[in-house]
Amino acid sequence: MLHLVLFLVFGAICVAGAINLLAQTHPISSALSLVVVMASLAVEYLLLGAEFVAVVQVIVYAGAVMVLFVFVIMLLNAGEEERTKGSRVAMILGVPGVLAGGLLVAWALLKRSETGSVALGSLPGYPKTIGNLLFHDFLLPFELTSILVLIAIMGAVVLASRPEAQTPPPGKES
Amino acid sequence: MLSLPVFLIASLIKTVLVLVILLTAVAYTVWLERKVVGHMQNRWGPTRVGPFGLLQPLADGAKFLLKEDLTPPHVYKPLFIAAPMIAVVCALSSIAVVPFGTSLPIFGYNIPMQITDVNTGLLVILGITSVGVYGVALAGWSSNSKYSLLGGLRASAQMVSYEICLGLSLVGVLIVSGSFSLSEIVKAQGGHFWGFLPKWNILYGGQFVAFFIYLMAAYAETNRIPFDLPEAETELVAGYHTEYSAMKFAMFFMAEYANMITVACLATLLFLGGWHGPVFGPALLQALLPTFWFVAKVFVFLFIYIWVRGTLPRFRYDQLMAFGWKFLFPLAIANLVVTALIVAYRA
C-alpha cells in the first residue's frame with residue numbers, strides 16, 4: 001500500500017519535472033528539472049525492486065550526464081531563451097495528439113504485447129542477476145553496443161578537434 | 001529480524017546518534033587540522049578557548065550563527081540558497097549505509113551498528129556523492145561572480161574526472177570480495193594469512209595500487225590540498241563560496257569535512273579491513289572493540305589527510321587534469337585487468 005502511494009507520488013513528480021523542463025526559459029532551470037525527472041525515475045525503479053538499476057540511474061544520469069550538461073551551460077554562460085508565441089495549431093492539435101498517442105502506446109503495451117504487468121517490488125534487481133544477463137545471455141548485443149558508443153565518442157572527438165593546418169599562423173589576423 | 005516498532009525506534013535512535021557523532025566529528029576534525037598543521041609549522045594552533053583550544057569549534061559555530069547572513073544583490077536567489085543545502089544534505093546522508101561495527105546486544109535485541117544495510121551500499125555512497133557535485137557547481141554559477149564561476153567550473157570538471165578513477169579503483173575490491181554490500185565486503189576481510197598478517201584487501205587482496213589511486217582520487221573529490229584548485233585562494237579569492245557568508249558558508253565547510261570523514265570511512269571499510277582487529281575481554285567490551293578499531297583506522301586516514309595538507313604544495317590545473325587522465329586512469333584500468341586475471345586464475 002505504502003509502495004503504491006510512493007510510486008504514484010514519484011510518478012507525479014516525474015511528470016511535473018518533465019513539464020517544468022519545457023516551461024522554464026532558463027537553461028539551468030531546465031537542466032535541473034531533468035535531474036528531478038531522472039531522480040524520480042530512479043525511485044520508481046527502486047520501488048519496482050530493481051535496486052541496482054536505480055542506483056546506476058542516479059550515478060550515470062543524475063551524477064554524470066546531467067553534471068556535464070550543467071557544466072556546459074555554465075561554461076557557455078547561456079542566457080535566457082526568448083519566448084515565442086508558438087503557433088495556435090500546435091497548441092490545439094499537438095497537446096491532444098500527444099495525449100492520444102501516449103494512451104495508444106500504453107494501451108498497445110498492456111493489451112497487445114507478450115510482456116505482462118509487473119507487481120511492485122518483484123523485479124529481479126540483484127547485481128548478480130543483471131551481470132549474468134549482460135555478460136552471458138546478452139553478451140553479443142552488449143559488446144555491439146559498446147562498439148557503437150566507442151564510434152560515437154570518436155566521432156565527437158573528430159568533430160570537436162580542429163585540424164592543425166587550418167588555424168591561422170600567429171601574428172596574422174584572419 | 002526485528003519487529004516493526006523495535007525497528008522504527010532503533011532506526012530513529014541510530015540516525016540521531018550517528019548524525020550527532022558525525023557533526024561532532026566534523027567540528028573536531030577542523031580542530032585537529034588546525035592543531036596538527038599548526039604544530040607542523042612550528043605554531044601552537046588554537047589555544048585560547050578551553051584547554052588545548054578544545055572549545056574552539058563551539059566558539060566558531062556560535063560565531064557563524066551570529067554573523068550577518070549576507071545575500072549579494074546580483075545572485076540568482078533560489079539556487080544561491082539551495083546550493084549549500086544540496087552540498088550539506090548529500091555530505092551527511094551518505095553516512096547512512098556505513099557499518100561501524102558488528103552488532104550490539106541491547107535489551108535482548110541484536111542491533112546492527114549501521115543505520116541501514118543496503119545490498120548495493122557502495123553504489124549508494126557513490127550515487128549520493130556524485131549528486132553532491134551540484135552543490136558546488138550551482139554555488140559557483142548562481143553567485144554570478146567570476147571567481148565563483150571559475151571555482152565552480154574547476155570543481156565540477158575535477159570531480160567528474162576523478163570520480164572515474166575513484167570508481168575504477170573500487171572495482172578491484174569488488175572483484176576480490178564479490179559483493180556490493182559494505183558489511184559483506186568487511187566480513188570477507190576477517191581472519192589472517194601467513195599466521196599474523198590480517199586479510200585486509202590492501203594486503204591479502206593485493207589492492208595496494210588501488211588504495212593509492214583511491215587516496216589520490218579522494219583528495220581530488222573532496223577538493224583538498226594538493227588538489228584544492230576550486231578554492232585556490234591565491235588566484236580565486238575563495239572559489240565557489242566567495243560570495244557566501246555566515247551559516248551558508250559554514251554549510252559548505254561542514255560538507256567538505258563530512259565528505260572527508262565519509263571518504264575515510266569508505267577507505268577503512270574497503271581497504272583496511274573495517275572493524276576487524278584484536279578482540280578480547282568481557283562480552284560488552286567484545287561488542288564495542290570492533291567499533292573502536294573502526295574509529296581508530298578512520299582517525300589514521302584523517303591524520304594522513306592533514307599530514308598531506310601540511311606537506312605538499314598545490315598542483316597547477318593542467319597538471320591536475322593530466323595526472324588524472326594520463327596517469328591515474330590507465331593505472332586504474334591496469335590494476336583492474338590484473339586483479340580480474342588473478343581472481344579468474346584462483347577460481
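Biologist: Which residues do ring pairs link into a cluster?

Modeller: This is a predicted model, in which local features need pLDDT of at least 70 and side-chain atom pairs count only at pLDDT 80 or more, while totals for chains, interfaces and linings use all residues. Residues are numbered from 1 along each chain as its sequence is written, chains are lettered from A in the order written, and side-chain values use heavy atoms, without hydrogens and water. Rings of Phe, Tyr and Trp (its six-membered ring) pair if their centres lie within 6.5 Å. The cluster linked by such pairs is B:Phe211, B:Tyr214, B:Tyr219, B:Phe271, B:Phe301 and B:Tyr305.

Biologist: How are the planes of B:Phe64 and B:Phe249 arranged: stacked, edge-to-face or tilted?

Modeller: Planes under 30 degrees apart count as stacked, over 60 as edge-to-face and the rest as tilted. The centres of B:Phe64 and B:Phe249 are 5.8 Å apart, with 50° between the planes. The pair is therefore tilted.

Biologist: What area do chain A and chain B bury between them?

Modeller: Buried area is the accessible area (1.4 Å probe) that two parts lose on being put together, summed over both. Of this area, 78% is on carbon and sulfur atoms. The total for chain A and chain B is about 1,900 Å².

Biologist: How many residues does chain B give to the contact?

Modeller: Contact means heavy atoms within 4.5 Å. Chain A gives 22 residues. From chain B come 23 residues.
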